[in-house]
Amino acid sequence: MKLLEETYDVVIVGAGHAGCEAALASARLGLNTIVFTVSVDSIAMMPCNPNIGGTSKGHLVREIDALGGEMGKNIDKTFIQSKMLNKSKGPAVHSLRAQADKQDYTRQMRFTLENTDNLTIRQGEVSEILTEDNKVIGVKTSSGATYYANAVVLATGVYLNGKCIYGDVCQHTGPNGLMAANELTKSLLDLGIKIRRFKTGTPARVDKRSIDFSKMEEQFGDERIVPFSFSTNPDEIQKEQISCWLTYTTEKTHEIIRDNIDRSPLFSGMIEGTGPRYCPSIEDKVMKFADKNRHQVFIEPEGLYTNEMYLGGMSSSLPEDVQYEMYKTVPGLENVKIVRNAYAIEYDCIEYGQLLPSLQIKNIEGLFSAGQFNGSSGYEEAAAQGLMAGINAARFVKNEDPIVIDRATGYIGVLIDDLVTKESHEPYRMMTSRSEYRLLLRQDNADLRLTPLGYEIGLVPKERYDYVVNKRIIIDNEIERLSKIKVGANKKVQEILEKLGSTSLKTAVSLDELIRRPELDYEKIKELDPDREKFNDDICEQISIEIKYKGYIERQKKQVENFKKLESKKIPSDFDYSLVSSLRNEARQKLELYRPINIGQASRISGVSPADISVLLIYMKQKGSN
C-alpha cells in the first residue's frame with residue numbers, strides 16, 4: 001500500500017502560541033513550512049486565561065513584536081480591555097495587559113497563518129521524529145504519512161500524553177477535551193531525549209447570567225489605550241472596553257477546601273506532575289498560606305459573544321461537587337452556574353539540560369523545541385520561544401549561524417538562558433525580577449533594542465527599521481537640546497512651576513534638570529519650552545525616561561559591559577572538561593551536561609562556583625583557547 005510522502009524545508013509540530021510564531025517566522029524567511037495541529041480549530045487557542053501580557057509577560061510580547069513576530073499585532077486586533085499595570089511604580093516594571101476575545105484571537109491568528117506564503121496547515125498527529133546519523137530528516141504521522149524536512153520544531157504544548165484531572169475524574173485528553181498526542185513521546189525517548197511530567201491547571205468557566213456583579217468591584221480599562229505592537233496606530237484602536245470584576249474568597253471557601261483536601265488529586269497523589277509555583281491552585285494557596293483569610297478572584301469575560309466568564313485566581317482540581325460548593329461561598333457567585341469545570345492537566349516535556357541556546361535539542365541536528373515542551377508556562381513565554389525556534393530552524397536549513405539574544409539585550413534572552421542553564425523543577429514563569437538589567441530592558445524601548453536585529457534577520461520591513469533608526473536620532477538630539485536650554489528664576493517660570501506643583505528656582509537650570517524632578521516630565525514642562533517640535537507620545541515617553549533615569553541607566557550599562565566580557569569568552573563546542581584537573585567534580589559534571597557556549601553562560605549554571613570559573617579561565621588562557 002502506497003502511503004503519502006511530501007517534502008518541506010521545516011516542519012512545525014503544534015499550532016499553539018509557540019507553533020504559530022515558529023511557523024510564521026520560518027515561512028516569512030522563505031522556507032517551505034508545514035505546521036501540524038491536532039485540530040485546525042485550536043490554532044492559537046487560549047485554553048486558560050483570556051489575556052495577553054501582564055507583569056514581565058508584556059515585555060515579552062513587545063519584544064516579539066520588535067523582532068517581527070505576530071502576537072502583539074493579533075491582540076491589538078482582538079482585545080476587549082487594555083490596561084498598563086504598575087503605573088505607580090518605575091518604568092522598568094510597567095507592563096501592558098489586554099483581555100482578549102478568545103474566539104476572535106484564534107480566528108485572526110488562523111487567518112494570518114492561512115494567508116502567509118510558504119505556509120501549509122495540516123490537521124494530524126505527528127507520531128514519530130525521523131532521523132539519520134543524529135540528524136532530523138522529517139516526521140511521520142499516525143496515519144502513516146511521511147513528511148521529509150531539514151528541520152523540525154516541537155511546539156507540543158500540553159498535548160503530549162495529556163491527562164485532564166479533577167477529583168476522581170481522569171480523562172486522557174488535551175485541554176478543552178481536544179485529542180491528546182499519545183504516540184510522539186515514545187519516539188522522543190527512543191532518540192535519547194529525557195522526558196518529565198509537569199502539570200498546570202485552569203479555573204472553572206461560569207455563566208455570566210448567574211453572577212451578581214453588585215457584590216463585586218468593577219475593574220475598568222485605561223482611558224487611553226496603548227497598543228502592544230509598535231506598528232499599530234494608537235488612534236485606530238481606541239474603543240469602548242468591557243469591564244472585569246474583582247471579588248474575594250471567604251473563610252467559608254477555605255473551610256470547604258480544607259475539609260475536602262483529601263479528595264484533591266494534588267494532595268492524594270493522583271497527580272504526579274509538578275505544578276507552577278507562581279500560579280498555584282486555590283487549594284495550594286489555602287494550604288500553603290493558612291494565615292490569609294481571603295484571596296483575590298478576578299472575573300474576566302471570555303469574549304464579546306459568549307456569556308462564559310473566567311474565574312481568575314481559583315484554578316482547581318477538586319471534585320465537581322466541591323467546586324460548586326466552594327465557588328458559591330464567594331461574594332457574587334452564590335447562585336453561580338458552571339459551564340466548564342476547573343481541572344488540572346498533566347503532560348510530558350523535556351528534562352532540563354538538553355537544550356542549546358538556539359533552542360536546538362543537543363545531539364540531534366535540526367530538531368528544535370519551544371514553549372511548554374521546554375518546561376515553561378504561559379502564552380507569552382511560548383510565543384517568544386516559538387519565534388526564536390522558528391528563526392533558528394530556518395537559519396539551520398540555510399546553513400546560517402543561529403540567533404541567540406543575551407540577557408542584557410532582551411527578556412527573551414533571560415527566558416531562554418534560564419531554560420538552558422538552570423535546573424528548573426517546575427514550569428518556568430517569566431518575572432521582571434529574573435532580569436539583572438531590567439531598567440535597560442523596559443517594555444517601552446523594545447523596538448529600539450530589537451528592531452534592528454529583526455531587520456537583520458529578515459522579519460522586519462525596511463520602512464519600520466528606518467523609522468526606529470530615525471526615532472533613536474530624534475530622542476538623542478532632543479535630549480542634547482534640552483541639556484543646553486536654561487530657564488531663569490524669573491516670575492513667569494516660578495508661576496509655571498507652582499502650577500505644576502514643583503518648587504521654585506533659586507538659580508537658572510537646564511530643562512533636562514527640571515525633567516529629573518519626580519513631579520515633572522517632558523510633557524509637563526512644554527510651557528517652559530515653547531519652541532520645541534511636536535513628537536508623538538512614544539517619543540516623548542522615551543525622552544522623559546532616559547533623562548530621569550540617566551544615572552541608573554549609565555550604571556547598568558557599565559554592568560552590561562562586564563557581562564559582555566564574560567559572554568565574549570567562547571568555549572569550544574568540543575572542550576574536554578576532564579582535562580581541567582582543578583575543577584570540582586560537581587562543576588565538571590554540570591559543565592559536561594550543559595555544554596555552555598561561553599564563560600558567562602557557564603557562570604550561571606547551578607553547581608558551578610566562581611572558583612570553578614576562575615580555574616576554567618586560567619586553563620583556557622594557558623591553552624590559548626580564548
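**Exercise 1.** Which residue in S6 does Phe79 stand opposite?

*Solution.* Keep in mind that we are working with a predicted model. Start with the two strands: S5 spans 79-85, and strand S6 covers residues 95-100. Next, look at how they are joined: six bridges link S5 to S6, and the two run antiparallel. Now find Phe79, and you will see Ala100 of S6 standing opposite.

**Exercise 2.** Work out the strand order of the sheet and find which strands stand at the edges.

*Solution.* Three strands make up an open sheet, ordered S4-S6-S5 with antiparallel pairing. Strand S4 (51-53) and strand S5 each have a single partner strand, so one side of each lacks a neighbour in the sheet. From one strand to the next, the twist averages 20°.

**Exercise 3.** Decide why helix H12 counts as largely enclosed by the rest of the structure.

*Solution.* First, check the geometry. H12 takes in residues 446-457, and its first and last C-alpha atoms are 16 Å apart, close to the 16 Å expected for its twelve residues. Then apply the cut-off for buried, under 20% relative accessible area. Nine of the twelve residues pass, so H12 is largely enclosed; among them are Asp447, Arg449, Leu453 and Ile457. Now ask what does the covering: the list includes H2 (57-66), H10 (379-397), H13 (462-484) and H16 (537-548). Finally, step past the end of the helix to Gly458, which follows H12 and has a positive phi near 115°.

Terms used
Residues are numbered from 1 along each chain as its sequence is written. This is a predicted model: local features need pLDDT of at least 70, side-chain atom pairs count only at pLDDT 80 or more; totals for chains, interfaces and linings use all residues. Side-chain values use heavy atoms; hydrogens and water are left out. Helices (H or I, at least four residues) and strands (E, at least two) are DSSP runs, numbered from the N terminus. The expected span of a helix is 1.5 Å times one less than its number of residues. Buried means under 20% relative accessible area, exposed over 50%, partly exposed in between (1.4 Å probe, protein chains only). Contact means heavy atoms within 4.5 Å. Two strands pair if DSSP finds at least two bridges between them. Axes are lines fitted to C-alpha atoms, for helices over the stretch in contact, and angles run from 0 to 180 degrees between N-to-C directions.
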